[in-house]
Structure formats: structure tokens, C-alpha cells
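Dear colleague,

Please find below the structure for your files.

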Amino acid sequence: METFAGKQVDPKIPEIIPIIPTMDVVIFPHMIVPLLVVDEKIIEGINNAANGSKLVLLLASRKEVGENEDDAIGTDDLYSIGTVATIMRMVEMPEGGIKVLVQGICKARALEIITKDALLNARIEKITMTDTPESLAPYIKSIKDLAEQIAASGQSFSPDFHMILSKLENSDKIADFILSHLNLTVGQAQTLLEKESQIELLSEIYQLLCGEVEASEIQEKIRNSARDSMNKSQKEYYLREQLKAIKKELGDDVDEDIDDMRKKVSGLELSSESRKEVERQISRLERMAPDSMEATVTRNYLEWIFALPWNIETEDNLDLNHAKEVLDVDHFGLKDVKDRILDYISVCNLRQNGSVPILCFVGAPGTGKTSLGKSIARSLGRSYFRVSLGGIKDEAEIRGHRRTYVGAMPGRFIQGIRKAGTCNPVIIIDELDKIGSDFRGDPSAAMLEILDPHQNKTFYDNYLGIPFDLSKTIFIATANTLDTLSEPLRDRMEIIHISGYTLEEKVAIANQHIIKRAQREAGLEKQNLKLNDGVISAIISNYTRESGVRQLERTIKKLYSKAARALVETGKIPQFNVKNLDKFLGPKPYIADVHNSQSYIGVCNGLAWTSYGGEIIKIEAVLMPGSGKLTLTGQLGDVMKESAQAALSYARAHAKEFNINHDLFIQNDIHIHVPAGAVPKDGPSAGITMLSAILSILTDCPIDAAYAMTGELNLQGEVMPIGGVKEKILAAKRNGLSHVILPTRNQNDLIGLEDLVKDIDLIWVSKADEVLSKVLMPSKKIALV
């Protein structure tokens with residue numbers, strides 16, 4: 001260990017003394033250093049010195065340890081300036097060589113290195129510095145002040161460093177003492193040893209001490225930062241342990257929560273893969289810090305898993321009479337839908353775990369599609385919830401968000417299953433035809449898995465990450481039209497069309513449901529205020545135009561609110577009749593369909609289907625001088641224009657059969673107009689109506705106004721089937737028409753509607769001449785316009 005010798009007397013130094021080369025160390029004056037010498041030549045020179053002056057020259061080697069270790073150190077590798085030292089003690093080592101304890105005396109320069117008789121000696125001269133004490137005093141003071149600063153900060157080199165340094169006054173001893181404590185490389189130490197003036201040496205020592213102070217401050221800052229971090233971690237650990245103890249006292253122990261979770265998993269009917277995944281998430285939660293963000297996400301996920309009804313089912317009520325009663329009480333009519341539900345209940349009575357229907361109700365707004373789903377759930381005794389997909393554009397609304405996203409949640413169907421509390425509810429998928437798509441995906445494509453009975457058994461929600469069985473759920477979708485639904489989606493559902501209500505059905509619905517509800521909401525339950533069928537029919541005909549009953553309900557509620565106001569103001573309840581409706585409801589927004597009550601040439605009654613039900617349309621045709629052009633007006637669509645052209649072509653092709661002069665087609669123009677020109681019209685069902693109007697003006701035969709007709713016409717004169725038969729018959733009955741001409745191929749559409757047609761004459765035709773023989777009257781019966 002390097003130590004400092006106190007006061008040392010400078011002995012007389014011979015001109016030639018032995019050399020001891022040193023590796024990795026530079027010896028300064030006044031330093032006491034042990035040296036291990038193994039070279040025989042150096043040992044012999046040391047022995048000679050020990051027997052004589054006991055002085056040696058310590059010269060450092062330029063070569064570093066590890067650099068060319070196999071090469072011997074030559075005289076050229078030694079620095080020329082070193083330290084003269086006295087041999088204080090010598091000890092022979094058992095393994096060979098000697099250990100020499102030397103003390104530096106002064107600096108000396110090797111003028112010549114002498115190698116003689118295998119000994120290494122040097123002719124030297126002592127190096128002395130002539131600096132005055134006055135010039136050195138400021139440097140000494142600065143060094144001592146810096147040493148005091150080091151001691152005050154607790155960064156001292158040794159416990160007694162500052163104490164010893166404060167007692168030293170000699171600049172040489174101060175410099176050598178500080179150098180003995182600095183960690184210097186051989187090059188740095190040799191540079192300091194070779195300084196020619198004491199001022200330069202002290203100045204360099206001051207700079208080195210400043211560097212040590214800066215390094216110590218940085219190290220202390222790093223230690224403090226690490227200590228603060230450790231203290232924070234220890235504080236958090238301590239607080240967490242306290243929180244754990246508090247929660248344990250309150251019964252909210254985290255470990256108990258983990259145990260409860262494992263017990264809950266064992267009670268769930270999960271597949272082996274799903275159970276393994278849930279247990280893995282519980283194990284991850286157990287290793288997490290309870291207050292970390294990831295722990296919160298995992299805990300929320302597990303709460304969702306445990307909240308879902310994996311093995312909870314409601315037992316179906318399979319009593320057919322009960323189901324009939326519930327369906328009839330809640331809804332009037334809708335025979336097809338009710339029959340389908342009763343068929344399903346009958347199958348369940350005979351076979352458990354049968355296939356579950358996936359239905360799609362298609363019809364106009366207000367026809368009871370959504371409320372019918374709720375009635376089906378009530379009739380079966382199942383829970384119920386509704387999912388509205390109108391305007392949905394994000395696939396994640398169906399399949400859920402992945403848990404990597406902030407605020408991730410399961411899709412709407414898994415959320416609904418949780419709210420329903422059972423795995424076999426009735427789910428109403430409302431507004432399926434209004435589902436959208438954008439860059440976030442196509443939700444309708446995600447619906448393919450949900451509505452496929454072979455796939456929804458293992459429905460995969462992105463949030464859950466495990467399959468969930470939806471095969472026991474009854475899905476009932478509603479839509480206003482099938483046009484916007486993809487073919488694969490339509491293929492997965494059983495489509496049931498719900499047509500508009502007839503006048504009689506609307507009257508019955510008003511009496512059984514709407515009036516009672518309107519009276520209750522108006523606060524008139526105790527008042528004897530009823531609406532007779534005539535008033536209800538007038539409201540339906542003149543104040544509503546719809547397939548459903550929503551507008552009818554709003555109108556009746558408005559009427560009852562007028563009655564409530566009259567009761568508050570006058571204390572009397574008004575009585576409503578057909579004549580005073582406009583007083584309470586205002587002018588009639590709709591006038592009954594105008595049809596021909598008299599027979600005219602070129603005017604024919606047609607039947608049309610709209611989303612609000614059936615309507616009567618008049619088709620007018622006139623013949624005027626011209627060049628054979630056909631003019632069509634009334635905002636007709638392309639299909640309807642083509643039907644008119646086909647009718648004209650058929651008339652020209654069969655002109656001889658109707659005794660029509662062919663020149664009429666060349667010398668005259670034909671103009672066909674369909675009134676209500678602001679309303680767009682399209683479809684092929686007016687083919688026979690247009691043909692009747694054209695032949696009427698060409699033969700001067702009027703068309704019997706008691707007939708209404710519908711049917712598509714081809715060029716062979718065949719009457720093709722059309723749609724909306726029920727609605728069109730209702731329109732004819734509403735307008736007092738006693739005869740309706742229909743295509744023969746539409747006869748199947750009236751199966752089950754016998755009550756609808758019992759008081760009307762239906763004429764089934766398959767050829768155009770059958771139509772013309774019925775509606776074209778003899779020319780002598782022409783009525784003057």
C-alpha cells in the first residue's frame with residue numbers, strides 16, 4: 001500500500017546508481033512503494049546498492065502491461081526522468097525474486113544508461129526547482145481549499161487526507177502527497193514528474209483535483225438518483241402492503257379475489273381451450289401490481305368472462321295455447337309469423353335441442369315487426385333484448401374491440417347476452433337493411449357468422465378471445481327492404497314478408513290497442529269517450545296513408561288530447577263523428593282515391609303497389625293527328641315506359657283482330673298519361689291496363705269503370721304474374737270497385753286470404769283478349785265526356 005513518509009533527510013547522491021525499471025507505476029519523491037523484482041541482473045544491481053549507498057534510480061517503462069508481453073524491456077523503453085529512491089528493506093521471496101521497499105527522495109535525469117558486466121546503471125543529475133515560496137503560496141492555498149471542499153462533501157480520498165494535507169507547508173511534499181492519492185495513468189504521472197517548475201506542477205495538480213471533484217459530484221448525483229428510485233419503489237411496496245392489509249380487513253383482499261376467480265372458473269361450462277386461456281389470464285393478474293394499468297385491463301376482462309351466462313338458460317314455455325293467447329293479445333293479424341312461431345314450439349314439444357329459427361321480418365314501417373319480436377319472447381318465456389344496427393359502420397360493433405385498445409369492449413351481441421342474463425334469449429336485430437360499411441370494415445360481413453346456425457355455436461368476439469355459443473339464441477331481424485342486403489346474408493335467414501294492414505285490420509287494431517292506450521295517456525280512463533268504426537275509418541282514409549298504424553296512433557292520440565283540453569277548459573267531453581273531425585284534426589291531408597265511376601273512352605282503372613299499401617291509378621290515353629309517335633307522361637320509370645311500348649306493339653300486331661285500320665297508327669300520335677305527375681311511378685304491372693286504354697281509343701269503345709286490373713303483358717299477349725296482390729285487392733275494395741282482373745298465375749297468393757276476397761269478384765286471366773272481352777264495352781254505350 002502506498003504511504004507517505006514523513007520528514008526525510010536528503011542523503012548525498014552518487015553520480016552513478018543502479019536502475020530499477022517499473023511497470024504501470026511512476027514513483028514520486030517521498031512515496032514509499034514495494035517493488036517485486038525477478039530479473040537477476042536488476043537483483044544483482046540492487047544488492048550492490050544495498051551494500052553501498054542504498055540508492056537506486058526508478059525509471060518507468062513506456063510499455064504498458066499486456067502489450068508485447070513476450071518482448072523484454074530495453075533501455076530505449078525507459079523514460080529519461082525518474083526518481084532517486086533509497087532502499088528501506090529487502091525480502092527474498094520463496095518462489096524466486098525479491099521484494100524491495102523503496103522511498104522516493106528526489107527527481108533525477110538519466111544522462112546515460114550504462115550496461116556493464118550485465119548490470120544496469122545510470123549516470124544521473126539531480127533536478128531541482130527554484131520557485132520561491134511566495135509564488136507558490138496562492139497555489140497551495142487553492143489546493144488546500146479544494147481539499148477542504150472535498151472533505152466537506154464527504155468525497156475524501158482517505159479518512160485522514162484532509163487532516164494530513166492541512167498540516168503540510170512544503171510545496172514538494174504537498175504535491176507528492178496528493179499525487180500519491182490520485183488514480184493516474186503512467187503517461188499522466190510521468191508528465192507530472194517531468195514538470196520543470198513547481199508552479200506548473202501545482203497548477204496541474206489543481207486541475208486534476210477539480211476533475212476529481214466533478215467526477216465525484218456526477219457519481220453522487222447518480223447514486224442519489226438511484227437511491228431516490230429505490231426509495232420510491234420501497235415506498236410504493238410499503239404502501240401496497242398497507243393497502244393489502246386494509247383491504248384484507250375490509251374483506252377486499254386481492255389474494256382472496258384471485259382464489260374466488262379460480263373457483264368461479266371451475267363452475268363455468270367452458271371448453272378446455274377456453275378454460276386454459278381464462279386461467280392463464282388469472283395467473284397473469286396474480287403476478288401484476290394491483291394498481292398497474294395492465295392489471296385493470298385484465299381484471300375488467302375477467303369480470304366480463306364471469307358476468308356472461310355461460311351455462312344459464314331459461315326454460316321455454318311450450319304451451320301452444322299460452323303462445324297463441326300472447327301473440328293474439330299483442331298483435332292483430334300477422335298469421336304467417338304467428339304460425340311459424342307455433343310451428344317451432346310444436347317441434348320443441350316433440351324434440352329437445354332442435355334447430356333454432358333465424359327469422360327476418362320484411363315490411364313497411366309501422367307494421368309491428370319489432371314489437372312482434374318482443375311478443376315472441378314473452379310467449380316463449382325467454383329474456384329479450386334489441387340490437388339496432390341502423391347506421392353502424394364499424395365491424396368492432398359486432399365483433400368487439402381487441403383488448404390492446406384503450407376502452408375496449410365486447411361487441412353489441414355479447415353485451416346484450418350479458419344484459420339478458422341467459423345464453424338463449426330472443427335477440428331482435430333491428431334495421432338490418434340500414435347497416436353501413438367504411439374503411440373500418442363491413443359489419444354485414446361480420447353478421448354472416450352470427451346468423452349462420454352452423455357457425456354461431458363458436459362465435460368469436462375479439463374482446464373475449466374465446467368462443468361463445470350463440471346457437472341457442474333466437475335471432476329475429478327486421479328490415480324494410482331486402483334490396484340492400486347481400487345475397488349470402490339473405491340466404492342465412494328465413495324471410496317472412498309482413499304486408500300492410502287492411503282497413504278492417506286497422507279498425508280492429510285501433511279498437512283493441514290504440515284507443516285504450518291513447519285514452520290512458522290522455523288521462524281520460526274514467527271518461528266514456530269512444531270512437532265508432534265510421535270515425536276510425538274516416539281517420540284512416542283521410543288522415544293517414546301508410547301500411548302500418550303509427551300515423552293512425554299519432555292521429556288518435558291527437559284527437560284524445562283535444563278532448564282532454566276541452567274537458568279542462570269547459571268541463572265537457574266532445575263527441576267525435578265523421579262530420580266534425582276536420583274541426584279537431586284540421587283539413588283532410590288525403591282525399592280518397594279518385595276512380596272512374598263512369599265509363600269513358602281511353603280511361604282505365606289500374607292497381608298499383610306502394611310502400612304504404614295499394615292504390616288506384618288512372619291511365620289515360622288519347623289519339624291525335626300526327627306521325628305515329630308515342631308520348632308518355634306522368635314521371636314514368638323505364639320499366640313502365642317499356643310496358644307501354646310493348647302494349648302498343650301488341651295492338652299494332654293484332655290490329656286486324658280488333659278491326660283497326662292500320663293507317664291509324666301511321667297518321668296519328670298516341671299520348672298516354674298517368675295522373676299525379678309529381679309522383680314517380682315504375683313497374684311492369686300496368687301492361688294490360690295500358691293495352692286496354694290504347695285499344696279503347698283505337699276502337700272507340702269505352703272501358704267499363706266497374707273493373708280494375710293489374711298484370712304484366714308480353715308480346716305474345718300473355719298476362720304475367722305481378723306482386724302486391726293483397727294490397728291491390730284492398731285498394732279496389734276501399735274504392736268500391738266490384739270487379740278485379742288478376743293474372744291466373746297469382747292465384748296462389750290468395751291462399752289463406754279467403755276472408756279478404758269473399759265480397760269481391762276476382763277475374764283470373766292468362767291472355768290479353770280475355771281482359772279486353774271483359775272491359776271493352778260496345779261503342780253504342782259510349783258516354784260523352
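Which residues line the largest cavity? The lining consists of Gly-628, Lys-629, Leu-648, Arg-652, Phe-665, Asn-668 and Ile-670. On a 1 Å grid over the protein atoms alone, a cavity is a set of points where a 1.4 Å probe fits but cannot get out, and lining residues have an atom within 4 Å of a point.

The model is predicted: local features need pLDDT of at least 70, side-chain atom pairs count only at pLDDT 80 or more, and totals for chains, interfaces and linings use all residues. Residues are numbered from 1 along each chain as its sequence is written, and side-chain values use heavy atoms, without hydrogens and water.

The largest cavity holds about 50 Å³ of space, a volume being the space filled by probe spheres set on grid points joined across faces, edges and corners. Helix H21 (638-653) and strand S18 (668-673) each supply at least two residues of its lining. The structure has two cavities of 30 Å³ or more.

The largest pocket has a volume of about 1400 Å³; a pocket is an open set of points with protein on both sides within 12 Å along at least five of seven lines. Of its 45 lining residues, Ile-498, Ser-499, Gly-500, Lys-726 and Glu-727 are the closest to its centre. Elements that give two or more residues to this lining include helix H17 (503-521), strand S14 (494-498) and helix H24 (725-734).

Overall, the protein comprises 25 helices and 23 strands, which are DSSP runs (helices H or I, at least four residues; strands E, at least two) numbered from the N terminus. Its C-alpha trace spans about 170 × 75 × 60 Å along the principal axes. The radius of gyration is 55 Å, whereas a compact globule of 785 residues would have one near 28 Å; the value is taken over C-alpha atoms, and the globule rule is 2.2 Å times the number of residues to the power 0.38.

Finally, helix H8 (residues 272-287) and helix H9 (residues 293-307) have contacts (heavy atoms within 4.5 Å) that include Glu-277 and Leu-285 in H8 and Ala-295 and Phe-306 in H9.

Yours sincerely

Conventions
Axes are lines fitted to C-alpha atoms, for helices over the stretch in contact, and angles run from 0 to 180 degrees between N-to-C directions.
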